[in-house]
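Before we discuss anything, please take a moment to look over the sequence and the model on the screen. I will talk through the helix packing and then the pockets.

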Amino acid sequence: MTTGMAEAAVPGIPRRAIVVVMCFLATVICYVDRVSMSVAVIPMADELKWDGTTKGFVLSAFFIGYMLAMVPGGWLAGRYGGRLVLGVALVLWSLFTLVTPLAAAVSFAGLITARIGMGLGEAATFPAAVNLFARWLPVTERSRAVAFNLTGISVGTVVGLLASGAIVAAWG
């Protein structure tokens, strides 16, 4: 770790702490996006007359992209750095999340493509975060940082399920 990395970006808060919190927030956002479809698919299926198999395909399409991009995401984080890879991944999965309703309105293939694209983007989250922790944190702090980051899974899941349920109830 260089001395520039240890300097505080915010007075009194070390940069490495900001890195950990930002990775945690990225994980929370990732899981809010990920679980919202599991709630939204229920009224979508009713409206579009989907059977259980079709709903399952919509939900599992995400994991096709996720599975395909996990190892390349780790390689990219090692090659180009976790900050760049996590930033690009966040933009990518957010764009696919935004286009999902439009894609669903256009075609089933468009919806599946959007879900796969979302999975492609989210797959880089953990490899990029671990890369950042390896670069920014002393060895003695890394396991706590990873544990804190993984807590974002539960926080994002709870927030996502509550928020998407409320949104569906209010606006359909």
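Helix α3 passes helix α5 in a right-handed crossing, where right-handed means that the near helix is turned clockwise from the far one by less than a right angle, and left-handed anticlockwise. Helices here are DSSP runs of H or I with at least four residues, and strands are E runs of at least two, numbered from the N terminus. The model is a predicted one, so to speak of local features we need pLDDT of at least 70 and for side-chain atom pairs 80 or more, although totals for chains, interfaces and linings use all residues. Residues are numbered from 1 along each chain as its sequence is written, and side-chain values use heavy atoms, without hydrogens or water.

The axes of α3 and α5 are 6 Å apart, and the two helices pack at an angle of about 35°; axes are lines fitted to C-alpha atoms over the stretch in contact, and angles run from 0 to 180 degrees between N-to-C directions. In contact terms (heavy atoms within 4.5 Å), α3 brings residues including F57, F62 and Y66, which meet a set in α5 that includes F108, I112 and I116. That contact has 15 nonpolar, three polar and two charged residues, with Ala, Val, Leu, Ile, Met, Phe, Trp, Tyr, Cys and Pro counted as nonpolar, Asp, Glu, Lys and Arg as charged, and the others, Gly among them, as polar.

Helix α5 also packs on α4, here at about 165° and with axes 8 Å apart. That angle makes α4 roughly antiparallel to α5, a label used for angles over 145 degrees. Their crossing is left-handed. W93, F96 and T100 are among the residues that α4 contributes, and G117, M118 and G121 are among those from α5. By class, this contact divides into eleven nonpolar, six polar and one charged.

The remaining pair I want to show is α2, residues 15–48, with α3, residues 52–80, which pack at about 155° with their axes 9 Å apart. This makes α2 roughly antiparallel to α3. The crossing of α2 past α3 is right-handed. On the α2 side the residues are R34, M37, S38, V41 and A45, and they meet K55, V58, L59, F62, F63 and Y66 in α3. Eight of the residues in the contact of α2 with α3 are nonpolar, one is polar and two are charged.

A pocket is an open set of points on a 1 Å grid where a 1.4 Å probe fits, with protein on both sides within 12 Å along at least five of seven lines, and lining residues have an atom within 4 Å of a point; the volume is the space filled by probe spheres set on the points. The lining holds 22 residues, and M37, A40, M44, T100 and P101 are the closest to the centre of the largest pocket.

The second largest pocket has a volume of about 360 Å³. Among its 15 lining residues, V19, M22, R83, L86 and L132 lie nearest the centre, and again α2 gives the largest share, six residues.

How values were computed
Parallel < 35°, antiparallel > 145°, perpendicular 65-115°, else oblique.
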